[in-house]
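Please keep the sequence and the model in view while reading.

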Amino acid sequence: MPSVQENLNTWSNYDWTQQGNEWSSPWGGTDNCFFGTIHPRIKTFIPETKTGTTILEIAPGFGRWTQYLKDYCQDLIIVDLTEKCIAACQERFADCSHITYHVNDGKSLTMIEDESIDFIFSFDSLVHVEKDVIKSYLQQIALKLKPNGVGFIHHSNLGNYLNPATGKLELENIHWRAESMTAKLFEQYSQEAGLQCFHQEIVNWCGDILCDCFSLITLKNSQWSQPNHVIENPNFGAEAQRLRQVS
């Protein structure tokens with residue numbers, strides 16, 4: 001179960017030579033992953049005009065997705081637990097005056113102004129954090145979103161495979177997913193924070209296990225608010241393979 005400290009140690013000492021692009025290899029590259037898989041899932045919720053739009057990215061690493069998000073907003077705020085990652089992003093995007101950088105404690109967003117964010121994004125990062133971190137972030141997100149703001153959060157669903165009798169995982173945790181998180185728990189924590197989780201796509205990740213989830217959240221009275229729609233997509237890995245073949 002990766003703790004905040006374990007995440008800090010891991011990503012502070014990780015070899016970032018490839019800037020995280022090695023994790024896009026199933027898609028045949030990071031461009032394919034963003035434009036073929038991520039962008040179709042988020043484009044509806046990013047305001048049509050960059051003017052006045054503020055995006056918050058949580059846990060950007062070395063800017064694998066930052067390089068695209070920066071082109072969809074007037075202001076981009078990135079927050080990471082790891083000083084090494086924030087320093088690397090500051091260097092990589094030194095010519096982008098509209099990006100603001102913060103190192104946080106791994107679970108809070110107190111440095112962000114309330115009701116200031118149009119879109120919150122985190123992909124392939126918060127899968128490594130346990131339920132206490134997700135719960136804390138959701139409580140913060142409820143304060144930071146604008147009235148019609150939306151969050152797209154990629155998190156673990158591996159907890160769904162715990163043996164209910166023993167409370168232990170009886171399969172191999174290949175991708176270092178958080179064992180305490182599930183899609184259902186994310187929905188519950190959203191509700192408790194005053195958010196509406198309105199869409200969840202539960203997916204496999206380089207295997208047969210539905211270990212991950214993409215959750216969309218908004219404030220309960222926003223234009224996007226509606227009862228949650230949950231789908232299981234066991235073909236997510238095949239989607240990545242097709243994009244790789246096309247490329």
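## Terms and basis

A residue is called buried when its relative accessible area is under 20%, exposed when it is over 50%, and partly exposed in between, using a 1.4 Å probe and protein chains only. The model is predicted, so local features need pLDDT of at least 70 and side-chain atom pairs count only at pLDDT 80 or more, while totals for chains, interfaces and linings use all residues. Residues are numbered from 1 along each chain as its sequence is written, and side-chain values use heavy atoms, with hydrogens and water left out.

Helices (H or I, at least four residues) and strands (E, at least two) are DSSP runs numbered from the N terminus. Two strands are said to pair if DSSP finds at least two bridges between them.

Strand 1 is mostly covered, with 5 of its 5 residues buried. T54, L56 and I58 point one way from this strand, whereas I55 and E57 point the other way, and all are buried. In a regular strand, side chains alternate between the two faces of the sheet.

Strand 1 has pairing partners in strand 2 and strand 4. With strand 2 the pairing is parallel and spans 5 bridges; here E57 stands opposite I78. With strand 4 the strands also run parallel, joined by 3 bridges, and the bridge partner of I55 is F119 in strand 4.

Strand 2 and strand 3 pair in the parallel sense over 5 bridges, and I77 has T100 of strand 3 as its bridge partner. Right-handed means that, with the strands pointing away from the viewer, the path from the first strand over the helix to the second runs clockwise.

Helix 4 covers residues 83–92, and C85, I86, A88 and C89 are buried in it. These residues are on the same side of helix 4 because they cover an arc of only 160 degrees around the axis, where the arc is that of the directions from the helix axis to the C-beta atoms. E83 and E91, on the other side of helix 4, are exposed. The cover over the buried residues of the helix includes strand 2 (75–80) and strand 3 (99–103), with contact meaning heavy atoms within 4.5 Å.

I117 belongs to strand 4. Is I117 buried or exposed? I117 counts as buried because its relative accessibility is 0%. Leaving aside residues up to four places away in sequence, I117 touches T54, I55, L56, I77, I112, K144, L145, K146 and G149. By contrast, the C-alpha atoms of I117 and A87, which are 30 residues apart along the chain, are separated by 23 Å.

Strand 4 (residues 117–122) pairs with strand 5 in the parallel sense over 5 bridges, and F119 has V150 of strand 5 as its bridge partner. The chain runs from strand 4 through helix 5 (residues 131–144) to strand 5 in a right-handed β-α-β crossover. Helix 5 has 14 residues and reaches 20 Å from its first C-alpha to its last, close to the 20 Å expected at 1.5 Å a residue; the expected span is 1.5 Å times one less than the number of residues. Among the buried residues of helix 5 are V133, I134, Y137 and L138.

Strand 5 (residues 145–156) is mostly covered, with 9 of its 12 residues buried. Strand 5 is also joined by 7 bridges to strand 7 (residues 212–219), and these two run antiparallel. In strand 7, D212 is the bridge partner of S156.

## Two residues with positive phi

A59 is not a glycine, yet its phi is positive, at about 65 degrees. A59 is found in the loop between strand 1 (54–58) and helix 3 (66–69), and counts as buried because its relative accessibility is 17%.

E115, also a residue other than glycine, has a positive phi near 55 degrees. The loop between strand 3 and strand 4 holds E115, which is exposed, with a relative accessible area of 57%.

## The annotated span

An unreviewed UniProt entry lists residues 55–149 as "domain: Methyltransferase". UniProt positions are given in the numbering used here, feature names are shortened, and annotations may be inferred rather than shown by experiment. In the model, the end C-alpha atoms of residues 55–149 lie 10 Å apart, and the span is 29% helix and 27% strand.
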